[in-house]
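Here is a friendly tour of a single chain, taken one region at a time. Have the structure open beside the text as you read.

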Amino acid sequence: MMVADFPLWPEQASTFAKDVDALYIFLIILTGTVSVGIFLTIFGLAIKYRRRPDNELAQDYEPPKILEVTWIVVPTIIFMGLFVWGSWLYFHLARVPDDALDIYATGKQWMWKFQHPTGQREINTLHVPVNRPIKITMASEDVIHSLFFPYFRTKMDVLPNRYRSMWFQATKTGRFHIFCAEYCGTLHSGMIGWVEVMEPTEYQKWLAGGSEGSMASQGEQLFQKYACNTCHTNDATGRGPVLAGLYGKDVTLSNDTTVKADDNYIRESILNPQAKVVKGFNPIMPTFQGQVSEDDMMKLLAYVKSIGQNTAPATTPAPAGAKGTNP
Ligand code: CUA
């Protein structure tokens, strides 16, 4: 393919690389053509209408209506087309497929930390299977970073104090660069890593090696460590709401408004419990701000998610032995 051979572009290694490049190239050609056209016209008219003895005085000129209509209608159609094309692409990039494999990422001055639901953790390297949608839920431990996969043509800012998620589907196996694309301090330029795209069988083999139990089961241990389980019991007699079956449901708050129990709601309820108190409960929960690292927050989230689905912890096709390895 022409674009892949042209060294100005990195290799196309994801499902949306082609679409992003097509829009980008179209914009370059369009703006390039218009710019060249404008400059040529300026030069041409400057020469044609240069000052001569017989045209010292400017003459009034009424352009034909058809000319005015043309320069209004044609750009309008092109811009509306660009708008439709751009938003179609944007929604495609923004909408995470339901069957995506979950990965959790933490940005930190100056490294990328990744966690797999089955418990594997890695720094500045991310192993993923090829031809499978990958969802990355991410947060920053300190300042704003930006997780950038140039070969996959996707990038998203990683923010402190909230979760965001991005996705991609790699179409080629191999090793591809990861960059931080938001200036984040002295070693910003060193905040780089690699994504290793593997055949699914290789990935399963990789997953089978070394894990401290699934993220959800590590989260369950944290749930006990922070004594969350003393109030959030499994029946309605607890001082806090029951968390089983909560994830993704609507919650009615003490002010009678409703919120969806998504990633950011659960995060906020742990770090700033008074912000949204569930109807029928007292605002007695202490804050955990400053006590739980971002990595641990993601494990707690994975645990709450896992009991939310009313399934056993470990939400991915876990290799045998990855589950239930905890004492
Ligand atoms: Cu992190 Cu730049």
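## Confidence in the model

In this predicted model, the element with the lowest mean pLDDT is helix α1 (residues 2–5), at 55, while strand β6 (residues 145–149) has the highest, at 95. Here pLDDT is the predictor's confidence in each residue, from 0 to 100; helices (H or I, at least four residues) and strands (E, at least two) are DSSP runs, numbered from the N terminus. Over residues 311–327 the pLDDT is below 50, and this stretch has 31 contacts in the model beyond near neighbours in sequence. Contact means heavy atoms within 4.5 Å. For the chain, the mean pLDDT is 85, with 91% of residues at 70 or more.

Two notes on reading what follows. Residues are numbered from 1 along each chain as its sequence is written, and side-chain values use heavy atoms, with hydrogens and water left out. Because the model is predicted, local features need pLDDT of at least 70 and side-chain atom pairs count only at pLDDT 80 or more, whereas totals for chains, interfaces and linings use all residues.

## Helices α2 and α3

Two packed helices are described by the angle between their axes and the distance between the axes. For helix α2 (residues 17–48) and helix α3 (residues 65–94), the angle is about 155 degrees and the axes are 11 Å apart. That makes α2 roughly antiparallel to α3. Axes are lines fitted to C-alpha atoms, for helices over the stretch in contact, and angles run from 0 to 180 degrees between N-to-C directions; those under 35 degrees count as roughly parallel, over 145 as roughly antiparallel, 65 to 115 as roughly perpendicular and the rest as oblique.

The crossing of α2 with α3 is left-handed, meaning that the near helix is turned anticlockwise from the far one by less than a right angle (clockwise would be right-handed). On the α2 side, the contact is formed by Asp19, Val20, Ala22, Leu23, Phe26, Leu27 and Leu30, which meet Ile78, Leu82, Trp85, Gly86, Trp88, Leu89, His92 and Leu93 of α3. These residues divide into 12 nonpolar, two polar and one charged. In this scheme Ala, Val, Leu, Ile, Met, Phe, Trp, Tyr, Cys and Pro count as nonpolar, Asp, Glu, Lys and Arg as charged, and the others, Gly among them, as polar.

Tyr90 also has its place in α3, and counts as exposed at 55% relative accessibility. Buried means under 20% relative accessible area, exposed over 50%, and partly exposed in between (1.4 Å probe, protein chains only). Tyr90 and Val20 are 70 residues apart in sequence, with their C-alpha atoms 9.5 Å apart in space.

## Around helix α7

Helix α6 (residues 263–271) is mostly covered, with seven of its nine residues buried: Asp263, Tyr265, Ile266, Arg267, Ser269, Ile270 and Leu271. Their cover includes β5 (133–140), β11 (250–252), β12 (258–260) and α7 (294–308). The axes of α6 and α7 come within 10 Å and cross at roughly 120 degrees, in a right-handed crossing. Asp263, Ile266, Arg267, Ile270 and Leu271 of α6 meet Glu294, Met297, Leu300, Leu301, Val304 and Lys305 of α7. This contact has seven nonpolar residues, no polar and four charged.

Helix α5 (residues 215–225) also packs on α7, with axes that come within 7 Å and cross at roughly 105 degrees. That makes α5 roughly perpendicular to α7. The residues of this contact divide into eight nonpolar, three polar and three charged.

Most residues other than glycine have a negative phi, and most peptide bonds are trans. Where is the cis peptide bond with omega of about -5 degrees? Gln109 and Trp110 are joined by it, and Trp110 sits in the loop between β1 (101–108) and β2 (111–115). Asn124 has a positive phi of about 60 degrees; this residue lies in the loop between β3 (121–123) and β4 (125–129) and is partly exposed at 21% relative accessible area. Asn161 has a positive phi near 70 degrees, lies in the loop between β7 (154–158) and β8 (164–169), and is exposed at 56%.

Phe148, in strand β6, is partly exposed, with a relative accessible area of 26%. Leaving aside neighbours within four places in sequence, Phe148 is in contact with Thr154, Lys155, His177, Ile178, Phe179 and Ala181.
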